[in-house]
Amino acid sequence: MIAFFEFFVLLPLFGFLISLVLPEKNETLLSRWSFVIIGIHMITFQAFLIYWLVQGHPASDFKDLVLYSSPDYEFFIDFYFDSITAVYLFVGSILTFLVTVYSRYYLHREVGYKRFFNTILFFYLGYNIVVLSGNLETLFIGWEILGISSFLLIAFYRDRYLPVKNAVKVFSIYRIADVGLILAMWATHHLFHENITFAKLQNYELVHEHLQSHTWIGVFISLMFLIAAAAKSAQIPYSSWLPRAMEGPTPSSAIFYGSLSVHLGVFILLRTYPFWEYQPSVRILIGLCGLTTAIIATGIARVQSSVKSQIAYSSIAQIGLIFIEVAAGWGMLALFHFAGNAFLRTYQLLVSPSVVSYLIREQFYNFTPRLRSIEDSFPKKIQNTLYILCVKEWNLDSILYRYLWNPVKWAGQKVNFLTLNRAIGFFVPTYVVGLFLVYNRILVSEEVQHYLTILFSVIGLMCVLKSFTERKHARLSWMLVIMNHFWVALAISFNENFTFNDIHLYLSGIAVAGVVGLLALRRLVLLEGSIDLDQFHGHSYKHPKIALVFLLMCLCATGFPISPTFIGEDLIFTHIHEDQVVLAFFTALSFIIDGLAIIRIYARVFLGPHSKSVYDMAYRSS
């Protein structure tokens, strides 16, 4: 059976790699290749599903491949198949196949035709890895692939300002979900002292035994799962990103934000349900999150002027109800609800362009307003208040900016004194002193070492804060991001059992990404002159090869699973002790802002309207 699971993952990977070398102008070949790959995948899975049901639908767990092993840690690929996986793969294979067929004609003669089908195959690879994953590490590989696929599809019309801006905004929310999962992995490693699989989470005695003596760690892990799920499924307070994601082509909106990707938060809750099943406070919190989202999103959907935004908020409201069902323990009902909502929203989004024209004609000739609605039973002041709040989308964007991003920008502006010369002049000698103390730990007491880890992590955080708010020099911003990783590695190096092999694994990908990325930016400066981060330059139009190389280096630096840094990030958190909460917080915050700073550099330099265009263009949204 393991051969089937490997096939379901390797087939989309094979299709994606081949699609990269297909000729860009041959639309028929590109679309037919995607159609065939996803069609074979769908038919094969339907046959496997029938076989699995005839065999009595057993839950299967397979440890497939060990990527890294040490005396205290093992990073391995694990596959798990049960009814949850079956439903998600069944729905995903059918909907992806339908959207692929639809896109063959919908995107005819689009400039990014090849780019779209490349990204759809890449997305489908990540989706299969997520739903077949048997542990958090395997799930995180697919999770990262889905995140970057989402960013690329929202910014599909990369010569326009608003799609690029919204792509960065969505990626910032995804980064919060990423770090939620990383922190959950960190805490589970300390709780179970192993790379725990989802199959072992089904063992009530094992989970109960560990949670009995570590109640607060169990609550923390559950809250991290909830943060990751809420951010991915656009639940309160992260709901505002989903309508912004509709800037991409309609087929990608249907497959990502109507059906599959947006329901992966539900998947995490279903998969980890045995862990938090007996934590009433967590179940109540998940239920309240879903209920609040369902009520608020329903009101917002009723006043939307855009049909795609209306569908987006309607989908958010339904997912809120699914959260309630999962919290109540109605897993099978949640799976049926997921399938129904996914099929409905995909259909609605695919027909939305036609519906708009029908409704325009309808309102001219046959429109009659509804005589009475549920709001009419409220007092007039409450009606007006709710209407204004829903029109303003409950100020969800403003709340995130005020309490999340503005404090980060404020902190970044406080370190504006950092220039390239000052950063090198101060940080390099300090780093050399830190390295000397790592190799000669006997010179400092354990208490001093404890404070040194916090000091070095704060210095790394200062670097990445400055990088995030840097408006002038792209190369300075890039170098500060790379320096942050080196400071994080230095901070963790003081913890015992953290071998230099682990450090080299973590920093090898960072070092290569840093050098190649810096060379790419230098080459661009030689060709185009000065590049700042105060506006979008759109240089991918004239320099697509440099843009591709820099994007790959950005992925390596953010810990994407194409470099050793992906395993290294997990190693970093594994070696943070459970009592080093401050160190874990600073490191997690560094990784969040690190990803935002990197994607901001890429978006500002290579995406958006071309800075040397002779045509008038809008640089700001309404």
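Phe4, Phe5, Phe7, Phe8, Phe45, Phe48, Tyr51, Trp52, Phe62, Phe79 and Phe81 form one aromatic cluster. The model is predicted. Across the whole structure, a search finds 45 aromatic pairs. One of them joins two members of the cluster, Phe48 and Tyr51.

**Aromatic pairs**

- Phe48 and Tyr51 form a tilted pair, with 6.4 Å centre to centre and 45° between the planes.
- Both residues lie in helix 2 (residues 27-54). Phe48 and Tyr51 are three residues apart, about one turn of the helix.
- An α-helix has 3.6 residues a turn, so residues three or four places apart point the same way.
- Phe48 counts as buried because its relative accessibility is 1%, under the 20% cut-off. Tyr51 counts as partly exposed, because its 40% falls between the 20% and 50% limits.
- Phe585 and Phe586 make another tilted pair, because their ring centres are 5.7 Å apart and their planes stand at 55°. Phe586 has 18% relative accessibility, so this residue counts as buried.

**Arginines over rings**

- Arg104 places its charged end over the ring of Phe35, 5.3 Å from the ring centre.
- Arg115 lies over the face of Phe156, and here the distance to the ring centre is 4.9 Å.

**Backbone sites in loops**

- The peptide bond from Ile236 to Pro237 is cis, with omega near 5°. Pro237 is in the loop between helix 9 (215-232) and helix 10 (241-244).
- Ala234 is also placed in the loop between helix 9 and helix 10. Ala234 has a positive phi of about 60°, although it is not a glycine. With 0% relative accessibility, Ala234 counts as buried.
- Glu393 is another non-glycine residue with a positive phi, here about 55°. The loop that holds Glu393 runs between helix 17 (380-391) and helix 18 (396-413). Glu393 is buried, with a relative accessible area of 13%.

**Helix 8, one side in and one side out**

- Helix 8 spans residues 204-213, and its buried residues are Val207, His210 and Leu211.
- Viewed down the helix axis, the buried residues of helix 8 fall within an arc of 95°, so they line one face.
- These buried residues pack against helix 6 (161-192), helix 7 (198-201), helix 9 and helix 13 (273-276).
- The face turned away from the buried side carries the exposed residues Glu205, Glu209, Gln212 and Ser213.
- Asn203 caps the N-terminal end of helix 8. A side-chain oxygen of Asn203 lies 3.2 Å from the backbone nitrogen of Glu205.

**Around Ala230**

- Ala230 lies in helix 9. Ala230 is buried, with a relative accessible area of 5%.
- Leaving aside neighbours within four places in sequence, Ala230 is in contact with Gln235, Tyr238, Cys289 and Phe323.
- Ala230 and Gly290 are 60 residues apart along the chain. Their C-alpha atoms are separated by 8.9 Å.

Methods: Residues are numbered from 1 along each chain as its sequence is written. This is a predicted model: local features need pLDDT of at least 70, side-chain atom pairs count only at pLDDT 80 or more; totals for chains, interfaces and linings use all residues. Side-chain values use heavy atoms; hydrogens and water are left out. Rings of Phe, Tyr and Trp (its six-membered ring) pair if their centres lie within 6.5 Å; planes under 30 degrees apart count as stacked, over 60 as edge-to-face and the rest as tilted. Helices (H or I, at least four residues) and strands (E, at least two) are DSSP runs, numbered from the N terminus. Buried means under 20% relative accessible area, exposed over 50%, partly exposed in between (1.4 Å probe, protein chains only). A charge sits over a ring if NZ of Lys or CZ of Arg is within 6 Å of the ring centre and within 35 degrees of the ring normal. The arc is that of the directions from the helix axis to the C-beta atoms. Contact means heavy atoms within 4.5 Å. A polar contact is a pair of N or O atoms within 3.5 Å; within protein, one must be able to donate a hydrogen and the other to accept it, and residues adjacent in sequence count only if both atoms are side-chain atoms.
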